[in-house]
Every structure is written in structure tokens, then in C-alpha cells.
Amino acid sequence: MEKKRNFSIKRATVLETIRSTKTHPSAEWVYEQVKEKYPNLSRATVYRNIAEFKEAGEICSVAVVNGIDRIDGDCSPHQHFVCTTCGAVEDLDIGLRTEDISEQISERFGGKAERVHLTAYGLCRRCLEK
């Protein structure tokens with residue numbers, strides 16, 4: 001039996017905050033943003049809702065950067081780049097289709113990839129310029 005979730009304006013605001021940014025935020029960043037609007041908001045509320053959103057597939061984890069889970073409101077198949085210096089996480093638009101990667105896995109290994117997650121790590125443009 002699926003757990004029924006009650007509607008809450010704070011809960012909706014947490015989800016909207018995650019979906020409205022391309023920064024791939026941490027839970028703490030989300031908390032700080034939503035707390036500006038709802039000063040009585042607790043960290044536990046934000047963290048619990050993020051966990052529930054992940055479980056429901058409404059958001060997804062992208063990478064752990066410096067020990068902190070970074071999340072994405074866009075769970076469509078796409079790739080990411082993580083800067084190992086500043087911790088920036090960016091979407092990559094490099095023309096790789098997860099369907100093509102899944103096909104190659106099937107052809108080469110005889111298995112079936114159920115999920116493909118590609119994350120590249122290195123130095124972002126800003127850190128390279130420094």
C-alpha cells in the first residue's frame with residue numbers, strides 16, 4: 001500500500017525550490033532558501049521531504065560533492081559535470097543518449113542496463129581560468 005502524503009505549502013515550496021534551480025543544490029541550500037519564506041521551517045522537514053521526493057522519483061541524487069549529496073529536480077536522462085575544485089555541478093549537453101549507452105551494454109555484455117548515470121569530474125571553466 002502506497003503511503004499517502006498530505007499536501008503542505010512548505011512541502012510544495014521545497015519541491016518547487018529544487019525544480020526552479022539549475023545549481024543542483026544540497027539539502028542545506030534548499031533549507032536556507034525556503035526558510036527565508038517560512039522562518040519556522042525545520043531542517044528535519046526539508047530533509048524528510050527531500051528523502052520522500054527521491055523515493056517517489058520526483059527528484060534524484062546527482063553526486064556527492066565534498067561529502068554533501070547534491071540533488072536535481074530534473075530526473076530526465078542527462079549527464080553531469082562536477083568540478084573537483086569548487087564543487088560546481090552542471091548539466092552536460094554533449095549529445096549522449098542513455099538509450100545508446102544501454103544498447104552498447106546489451107551488445108557487449110549481454111545484460112540490460114536499467115539505469116544509466118554518467119557524471120564527469122574535473123575542473124570547470126572558472127577554476128581553469130584561475
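## Exposure and basis

A residue is buried under 20% relative accessible area, exposed over 50%, and partly exposed in between, judged with a 1.4 Å probe and protein chains only. Arg-126, with a relative accessible area of 47%, is partly exposed.

This is a predicted model, in which local features need pLDDT of at least 70, side-chain atom pairs count only at pLDDT 80 or more, and totals for chains, interfaces and linings use all residues. Residues are numbered from 1 along each chain as its sequence is written, and side-chain values use heavy atoms, with hydrogens and water left out.

## Salt bridges

Seven salt bridges are present in the structure; each is a side-chain nitrogen of Lys or Arg within 4 Å of a carboxyl oxygen of Asp or Glu. In one of them, Arg-126 meets Glu-90 at 3.3 Å, N to O. This pair links distant parts of the chain, since Arg-126 is in helix H5 (residues 125-129) and Glu-90 in strand S4 (residues 89-92), 36 residues apart. Helices (H or I, at least four residues) and strands (E, at least two) are DSSP runs, numbered from the N terminus. Glu-90 is partly exposed, at 32%.

Asp-69 pairs with Lys-54, their closest N and O atoms being 2.4 Å apart. Asp-69 lies in strand S2 (residues 68-72) and Lys-54 in helix H3 (residues 43-56), so the bridge ties together parts 15 residues apart in sequence. Asp-69 has a relative accessible area of 26%, and Lys-54 has 30%.

Arg-97 forms a salt bridge with Asp-100, with closest N and O atoms 3.2 Å apart. Glu-28, Glu-32 and Arg-43 are linked in a network of salt bridges.
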